[in-house]
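Reader: I would like to learn how to read a structure like this one, feature by feature. Please give the general idea where there is one, then the case at hand.

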Amino acid sequence: MIGILRALARKAFKERARKNIVQGNYWESLVGDQKRLPEAFEFIRGYAKRQPMEGFMAKAKLTPEDLAKLPTHVVTVPLRKQIREGKGIINNLFRGETLYPDAKYISKTGLESGAGVKPGQWWSAEPFESASYAIRPSKGIMGSDIANPGVIRRMKMNKDIRDMGSMKNRGTGMTHFHPPQDMIDNSKISMFYSVINRLREMGLKDSQIFNYIGQIMKKKNAAGKRDWMLYNSGGKV
């Protein structure tokens, strides 16, 4: 277990040390190859698509001198085919949040959207998007604070997106889903996604990873049952 964590931490450190890579917009539907790997493989790797800046900025017709001033590569998260085309199987939904609810971290954007969606009902088909809410530097210590660390919840779906219309809302974007409360209550913290995300964002030392894992393992849901899973709900990786 320790060896696995160290390997993940080393990979996370290398990714953070790459000065010539920049995060682009999340949804680049018309730029480059749109093929995607299974979400778990991408999440371990740390990115969905990494494209040379020259190709990414092709329409801008930049000179070699202009390109030399920019990062060499850009990372994007293209829309998955199921969402882009409105058909196909959605395997999982994800949500980034703190281990325990905290009113000061509730997003005003969601409340002010006028879509009638309550806090806690915002879920995404993209673990990368959810990860950005599990640890959120724009809100200070949200998610990084070991007293109330950020986690990623995973909800198993295996449904055709055409059968998920009741979870969609025109005003909340293509990647967002709003499952009913009973499904939310039955969701669990994913140890797999949560640990990888914390190591990637904070490194082995600052993440206090063993303390973090211990807190998750102690977490109970409203019914008093275990509120986490390794990867699958049955506890299997």
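Author: What follows goes from the whole chain to helices, cores, charged groups and backbone angles. Note that this is a predicted model.

Reader: Start with the overall picture. How many helices and strands does the protein chain have, and what share of its residues counts as buried?

Author: The chain has ten helices and nine strands. Of its 237 residues, 45% count as buried. Among contacts with a separation of 6 or more, 76% are between residues 24 or more positions apart.

Reader: Now helix 7. How many of its eight residues are buried, and what covers them?

Author: Six of the eight residues in helix 7 (127-134) are buried, so the helix is largely enclosed by the rest of the structure. The six are Pro127, Phe128, Glu129, Ser130, Ala131 and Ala134. Their cover includes helix 2, strand 4, strand 5, strand 6, strand 7 and helix 9.

Reader: Next, the nonpolar cores. Which residues have the most contacts inside the largest one?

Author: That core has 14 residues, and those with the most contacts inside it are Ile90, Leu93, Met155, Met157, Met164, Met167 and Phe177. At least two residues of this core come from each of strand 4 (89-98), strand 6 (150-160) and helix 8 (181-186).

Reader: Take Phe177. What is it in contact with, beyond its neighbours within four places in sequence?

Author: The partners of Phe177 include Leu93, Met164 and Met167, as well as Trp122, Trp123 and Lys168.

Reader: How should I read charged side chains?

Author: Side chains of opposite charge can pair when their charged atoms come close. A search of the whole structure finds ten salt bridges.

Reader: Which residues are linked in a network of salt bridges?

Author: The network links Arg95, Glu97, Arg153, Lys219 and Asp227. Within it, Asp227 and Lys219 form a salt bridge with closest N and O atoms 3.0 Å apart. Asp227 counts as buried because its relative accessible area is 2%; Lys219 counts as buried at 10%.

Reader: Lys188 is buried yet has no salt bridge. Where does its side chain reach?

Author: Lys188, in strand 8, has Asp227 as the nearest side chain of opposite charge, 5.4 Å away. The side chain of Lys188 instead reaches the backbone oxygen of Arg226 at 2.7 Å. Its contacts beyond four places in sequence include Ile152, Arg153, Asp227 and Trp228.

Reader: What about Trp228: buried or exposed?

Author: Trp228, in strand 9, is buried, with a relative accessible area of 8%. A polar atom of its side chain lies 3.3 Å from the backbone oxygen of Met217. The C-alpha atoms of Trp228 and Ile216 are separated by 6.9 Å, with the two residues twelve apart along the chain. Trp228 is also in contact with Lys188, Ile189 and Lys219, among others.

Reader: Last, the backbone. What should I look for in phi?

Author: Most residues other than glycine have a negative phi. Asn158, which is not a glycine, has a positive phi of about 55 degrees. Asn158 is found in strand 6 and counts as partly exposed at 44% relative accessibility. Gln208, also not a glycine, has a positive phi of about 45 degrees. Gln208 lies in the loop between helix 9 and helix 10 and is partly exposed, with a relative accessible area of 38%.

Terms used: Residues numbered from 1 in each chain as written. Predicted model: local features only at pLDDT ≥ 70, side-chain atom pairs only at ≥ 80, totals over all residues. Heavy atoms only, no water. Core = buried A, V, L, I, M, F, W, Y, C linked by side-chain atoms within 4.5 Å. Buried < 20%, exposed > 50% of the residue type's maximum accessible area, 1.4 Å probe, protein only. Helix = DSSP H or I, 4+ residues; strand = E, 2+ residues; numbered from the N terminus. Contact = heavy atoms within 4.5 Å. Polar contact = N/O pair within 3.5 Å; in protein donor to acceptor, adjacent residues only side chain to side chain. Lys, Arg positive; Asp, Glu negative; His and termini not counted. Salt bridge = Lys/Arg side-chain N within 4 Å of Asp/Glu carboxyl O.
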